[in-house]
Amino acid sequence: AALPPQGVWEITVEAKGFGPQTQTGLTFLSNSQPVLNFSLKPGSVEQKVTVAGEAPVVETDKTEIDQTINTSQVNDLPLNGRNFFTLAQLAPGAVSLNQGTGGLTFNGQGERQLTVLADGMTNQLREIRTLPGDLSGANGTFNLSVVDDVQVITNNFSAEFGRSPAGVINVVTKSGTNDFHGSGFIYGRPGAWDASNGLTGLNPDFDRLQWGATVGGPIIRDKIHFLASYEQENQTQNDAGITSTLQSNPGQLVVQPFKSINFFGKVDMQLTKNNRLDVRYNLLRSRVDNINVGGLNTTQQADLIVDNPQNITAGLTSVFSSHLVNEFRFSWTYDRVDICSEDYPCSLKPDFSNVPPEIIYPGQGTLGPDDSLPQNLRENGFQWSDKLSHTVGKHNLKAEPWLALRIRNTPA
């Protein structure tokens, strides 16, 4: 708990009358409790044994069933859409329901029974989850460039995770280092290259463009570091064809545009030798139009979804001794969601005086706007946690009070 979550480590053990031994190339992943064995031989301090390599560290005292996707895999594995939730599907027992970011089940459990953690805090404060399991919209809360590793725990997880009978996804974000570094990307998927539908002969014309950049480095070397990232996505595709005879031009394909921007910023500070503070902010803005159209649903049924969450998380890690470590964390989330008809104002206080009724003609189609809309959410979420870890002999004791508060804004 006292180590920063990223980096390659070197550990040296010394004792009077014995030659020192060093192990290098050690990598510690999230929620890991590795056991390192050292064998010191009698000798002078000038004699030194170094064990080099990057073999995986074995954890012999854990019984949970998990899988960790490390930094190299996050960077190198090809992901359609650059959604880090796709990585969770690599875990045994994980099944994707193709319902956006949160559409995952583990071992047959319900999709809303999944716990998602980001840097130690739950990432799913939404009281009414439009997309089950996750906080944000179709592209996830974090862009892939800032994800350091993803751990998926599917069985026998410890009590410190709790709140979930299904599984846990634990995400750790990257931090800046003493060296300036940056990267950029652009991914294109031209719709003109799509194959036509084998039955209709129509081209879905799925067109996606994603681009972004990440930069990080020192503000004060060995003291304060930063990391910032920006990503944008523009996507269009033809929605399902309208077969209703009530549509003026049956067979019409409606273009469904999607746009999102994703910003992430993080600063970590080594306040003293034994105290480290990290603060991060992330923002997502996304909108998708012309959904719920196709088949017997005419263009009058077209809806839109606007999803605008943002979050601030801060953590203070204090090392009181080699056996006692405390981690205090606070998180604030503001979640704004609007699900509305395309043809009528999207408001917390909707005016239905000029809205026509929804009329369903069995076997022919549906006219008028969706009568269940608009649906709006304005929610502030607050979390506090304070985890104390105390090692006594071969036992690691942990205590953590956790408090969550949700405040929903509703029209008067």
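**Figure 1. Trp-384 in a ring cluster.** Trp-384 is partly exposed, at 30% relative accessibility. The model is predicted. Ring pairs join Trp-384 with Phe-330 and Phe-382 in a cluster.

**Figure 2. The aromatic pair of Phe-263 and Tyr-281.** The whole structure holds 6 aromatic pairs. One of them, Phe-263 with Tyr-281, is tilted. The ring centres of Phe-263 and Tyr-281 lie 6.5 Å apart, with 50° between the planes. This pair connects distant parts of the chain, with 18 residues separating its partners. Phe-263 belongs to strand E14 (residues 255-272), and Tyr-281 belongs to strand E15 (residues 275-291). Phe-263 has a relative accessible area of 32%, so Phe-263 counts as partly exposed. Tyr-281 is also partly exposed, at 26%.

**Figure 3. The stacked rings of Phe-382 and Trp-384**. The planes of Phe-382 and Trp-384 meet at 15°, so this pair is stacked. Their ring centres are 6.2 Å apart.

**Figure 4. Arg-82 over the face of Phe-185**. Arg-82 sits 3.8 Å from the ring centre of Phe-185.

**Figure 5. Thr-122 and Ala-404.** Thr-122 lies in strand E8 (residues 121-122). Its relative accessible area is 8%, so Thr-122 is buried. The C-alpha atoms of Thr-122 and Ala-404 are 9.5 Å apart, although 282 residues separate the two along the chain.

**Figure 6. The whole protein as context for the close-ups.** The protein has 2 helices and 23 strands. Of its 412 residues, 41% are buried. Among contacts with a separation of 6 or more, 64% join residues 24 or more positions apart. The accessible surface is about 21,100 Å², and carbon and sulfur atoms account for 56% of this area.

Conventions:
Residues are numbered from 1 along each chain as its sequence is written. This is a predicted model: local features need pLDDT of at least 70, side-chain atom pairs count only at pLDDT 80 or more; totals for chains, interfaces and linings use all residues. Side-chain values use heavy atoms; hydrogens and water are left out. Helices (H or I, at least four residues) and strands (E, at least two) are DSSP runs, numbered from the N terminus. Buried means under 20% relative accessible area, exposed over 50%, partly exposed in between (1.4 Å probe, protein chains only). Contact means heavy atoms within 4.5 Å. Accessible areas come from the Shrake-Rupley method with a 1.4 Å probe; for residues, only the protein chains shown count as cover. Rings of Phe, Tyr and Trp (its six-membered ring) pair if their centres lie within 6.5 Å; planes under 30 degrees apart count as stacked, over 60 as edge-to-face and the rest as tilted. A charge sits over a ring if NZ of Lys or CZ of Arg is within 6 Å of the ring centre and within 35 degrees of the ring normal.
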